[in-house]
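Please keep the structure in view while reading.

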Amino acid sequence: MAKYLLLKHYRGAPAPVNDVPMDQWTPEEISAHVQYMNDFAARLEGTGEFVDGQALAAEGMFVRYDGEGRPPVTDGPFAETKDLIAGWMVIDVDSYERAIELAGELSAAPGAGGKPIHEWLEVRPFLAAPPTITQ
Amino acid sequence: MTAQVDEALLRSLTPSVLGILVRRGADFAAAEDAVQDALVEAVRVWPADPPRDAKGWLVSVAWRRFLDATRSDAARRRREDLVDEEPAPGPAPAVDDTLQLYFLCAHPSLTPSSAVALTLRAVGGLTTRQIAQAYLVPEATMAQRISRAKRTVSGVRFDQPGDVATVLRVLYLVFNEGYSGDVDLAAEAIRLTRQLAATIDHPEVAGLLALMLLHHARRATRTAPDGSLVPLAEQDRSRWDTTSIAEGVEILQAALARDRLGEFQAQAAIAALHADAPTAEETDWIQIVEWYDELARLTDSPIVRLNRAVAIGEADGPRAGLAALAALNDSLPRHTAVAAHLHERDGDLATATRLYAEAAQKAPNLAERDHLTRQAARLNARRYR
């Protein structure tokens, strides 16, 4: 019973095996990809392991505090940012091995030519609440 | 508004009501749904119209719900009505199936998370929503987890004897999840373990109950108001719950007297020795090391050996603790944190500081990470002053 974040990157992850940008896929290939993602989420809901999933727009802003009484400073988007998150899925599973297994399945989503993308997904454990019994 | 429903009573009746439905021939999954419906109905109806016989009321409402659901199911599928409607609701049979329910909900074919969810619902009488909130997952996900769990055990014979050890592991998991959301899982685990102890005479059940009570007694002092962890040595012992400690110690002593030692009794014995020390300095670390030796013999768990190294560090000095630690795999969770602590006690502040910072990076939860980061910061401030 531990939560993991599966992170999908626009940029920053190692190159996938089937490395064709999405805008060069056929419309049918895009539909097949979206269907796969939806089916995957639905299947995890069915196994009682799904917590949340969201996709993010590629363009975002950096924001910071700029002192009392002043509006926050915004900057960006930066085209050169190395790491860009595309979306995430949060799962609640019995083991680390199960988290890895599911990430592997999600990475098999079809891309160009209907073949699996083999994209690299980042798996990050949540920092949970401390256990009651420690010593 | 009218009087509140006695939720504790309602929930304590849940397993025996469910057991009665199953004895009457209802399949477990459908019976469990029907009992949940009856509980919801009780919360609605009882304040204005309290029943004289709470259990009898729940049994007859749940049985009616079960029949209704089965009939509409059958009608929908255009099948024959296979349900034998006899016996009619009547006095509850003397046999209590609570223990069987614990076994079923902790059945070895279930994953730990499904067993936990099913136990909380079918034995604990919690709603799916409450369980989902406690484990911070969507209600739909928890509903699926529970219905899958019910399908998994659907072929298991209800009267098949089970293994107490599997039940204890599930209850331990619930307790250790601690407190998140609206449901106090630690208190719920204690309630369920107490109820189990009332249905089966087993020293390890008593051992687990004692362990929970002894740890629960310290709960208020384990975290500061800002949520940061307070280590055992720094806890305000005057705020420990002495009633809970006394009960835990009494239960443990009765269990130990039966001379059938198990890991939960040994863990409880360690917790009792901590509870017994008026100050951290007066802790009987020599006895604690002996109990860790027993635990290591019983479980051979590397986590136990790690905790044993901490105890040796207190009993025989930090060098001895470091020597015990050196024999263990350094990839163990909290290995680095223990090493940092022992090096600090040994006076090697540079190494301790480095290891605290490293341990913070590896901490499995936020409170521990912050605690370890603070330890590193404390030593840094001292070294560079």
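The crossing of α9(B) and α10(B) is left-handed, a term used if the near helix is turned anticlockwise from the far one by less than a right angle. This is a predicted model, in which local features need pLDDT of at least 70 and side-chain atom pairs count only at pLDDT 80 or more, while totals for chains, interfaces and linings use all residues. Residues are numbered from 1 along each chain as its sequence is written, and chains are lettered from A and ligands numbered from 1 in the order in which they are written.

In chain B, α9 (residues 185-199) packs against α10 (residues 203-216) at about 150 degrees, with the axes 9 Å apart; helices here are DSSP runs (H or I, at least four residues), and their axes are lines fitted to C-alpha atoms over the stretch in contact, with angles from 0 to 180 degrees between N-to-C directions. The pair is therefore roughly antiparallel, the word for angles over 145 degrees. Among the residues of α9(B) that meet α10(B) are B:Ile190 and B:Leu196, and the α10(B) side includes B:Leu209 and B:Met212, contact meaning C-beta atoms, placed from the backbone, within 7 Å.

Chain B is divided into domain 1 (7-76) and domain 2 (95-200), with bounds from an automatic or database domain assignment. The centres of these two domains of chain B, taken over C-alpha atoms, are separated by 18 Å, and 15 residues of domain 1 are in contact with 16 residues of domain 2. On the side of domain 1 of chain B that touches domain 2, α1(B) gives the most, with 10 residues.

Terms used: Helix = DSSP H or I, 4+ residues; strand = E, 2+ residues; numbered from the N terminus. Parallel < 35°, antiparallel > 145°, perpendicular 65-115°, else oblique. Contact = placed C-beta atoms within 7 Å.
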